[in-house]
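Please take a moment to look over the sequence and the model before reading on. The paragraphs below are meant as a friendly walk through the fold.

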Amino acid sequence: MTCKMLNPDVDHDDFHPAFGEAILCHSDTAKRCGLDNVCPAPLKDNLRRLSRLLGQIESMLPDSARLCISSGFRSTALNEKVGGVENSQHTLGQAADIACPAYGTPYSLACAIRDSGLEFDQLIIEFNRWVHVSVPSAEQPARRQCLSIFNADEGYLEGLIER
């Protein structure tokens, strides 16, 4: 997981200073497997909007709490390698998997985001380990869809569920 701050004077063009392109495209799996994980130019607007949402989320947390990004943009090859779904918003630069241990559990983080009024597309507690948060396509309204998944057999459940 990446939990570091970027220099606010570099690595962003309308990106939130803490969530620049380098953070959102970082992948240990891609590096280990020699996969290119550079966000294509046509998708960078999505990545910028995601960056700004992540900045808004982090700004609502206590000062000592920093978001950790375990997955942001994924190339198609990387998405296949990590077992992502075919239509993943990660491959469009619209989603990140986040946690904030200094704030609390994935459930508590997801509830805080849901209750904040921020415009997100999906908010999913995944396997009780992280929160998937996404922005909608530029031309679409935010759905503010809240789901939980704990295992593949059970699948996605409506709402944010604490287990």
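Predicted model: local features only at pLDDT ≥ 70, side-chain atom pairs only at ≥ 80, totals over all residues.

Residues are numbered from 1 along each chain as its sequence is written, and side-chain values use heavy atoms, with hydrogens and water left out.

Let us start with the overall layout. The chain has 5 helices and 6 strands, where helices (H or I, at least four residues) and strands (E, at least two) are DSSP runs numbered from the N terminus. Read from the N terminus, their order is α-α-α-β-α-β-α-β-β-β-β. The C-alpha trace spans about 35 × 35 × 35 Å along its principal axes. For 163 residues, a compact globule would have a radius of gyration near 15 Å, and the chain agrees with that because its own value is 15 Å. Here the radius of gyration is taken over C-alpha atoms, and the globule rule is 2.2 Å times the number of residues to the power 0.38.

How much of the chain is buried? Of the 163 residues, 49% count as buried, meaning under 20% relative accessible area, with exposed being over 50% and partly exposed in between (1.4 Å probe, protein chains only). The accessible surface comes to about 8,300 Å², and carbon and sulfur atoms own 49% of that surface; such areas come from the Shrake-Rupley method with a 1.4 Å probe, and for residues only the protein chains shown count as cover. Among contacts (heavy atoms within 4.5 Å) with a separation of 6 or more, 58% join residues 24 or more positions apart. As for charge, there are 15 positive and 22 negative side chains, and the centres of the two sets lie 3 Å apart. Lys and Arg count as positive and Asp and Glu as negative, with His and the chain ends not counted; each charge is placed at NZ of Lys, CZ of Arg, CG of Asp or CD of Glu.

Now turn to helix H3, residues 44-59. Its 16 residues reach 22 Å from the first C-alpha to the last, close to the expected 22 Å, a span worked out as 1.5 Å times one less than the number of residues. The buried residues of H3 include Leu47, Leu50, Leu53, Leu54 and Ile57, and also Arg48, Arg49 and Glu58. Which elements do the buried residues of H3 pack against? They meet helix H1 (21-25), strand S1 (68-71), strand S2 (95-99), helix H5 (106-116) and strand S4 (130-134).

Isoleucine 113, within H5, counts as buried because its relative accessibility is 0%. Leaving aside neighbours within four places in sequence, isoleucine 113 is in contact with Ile57, Met60, Ile98, Leu118, Phe120 and Leu123. After H5 comes glycine 117, with a positive phi near 85°.

Phenylalanine 19 sits in the segment before H1 and is buried, with a relative accessible area of 2%. Not counting residues up to four places away in sequence, phenylalanine 19 touches Leu24, Ser51, Leu54, Gly55, Glu58, Leu67 and Ile69. Leucine 67 lies 48 residues from phenylalanine 19 in sequence, and their C-alpha atoms are 9.6 Å apart.

In strand S3 you will find isoleucine 124, which is buried at 3% relative accessibility. Beyond residues up to four places away in sequence, isoleucine 124 touches Trp130, Val131, His132, Leu147, Ser148, Ile149 and Tyr156. Leucine 160 is 36 residues away along the chain, with 7.3 Å between its C-alpha and that of isoleucine 124.

Asparagine 128, in the loop between S3 and S4, has a positive phi near 60° although it is a residue other than glycine. At 31% relative accessibility, asparagine 128 counts as partly exposed. Arginine 144, in the loop between S4 and strand S5 (145-149), is not a glycine either and has a positive phi of about 50°. Arginine 144 counts as partly exposed, with 29% relative accessibility.
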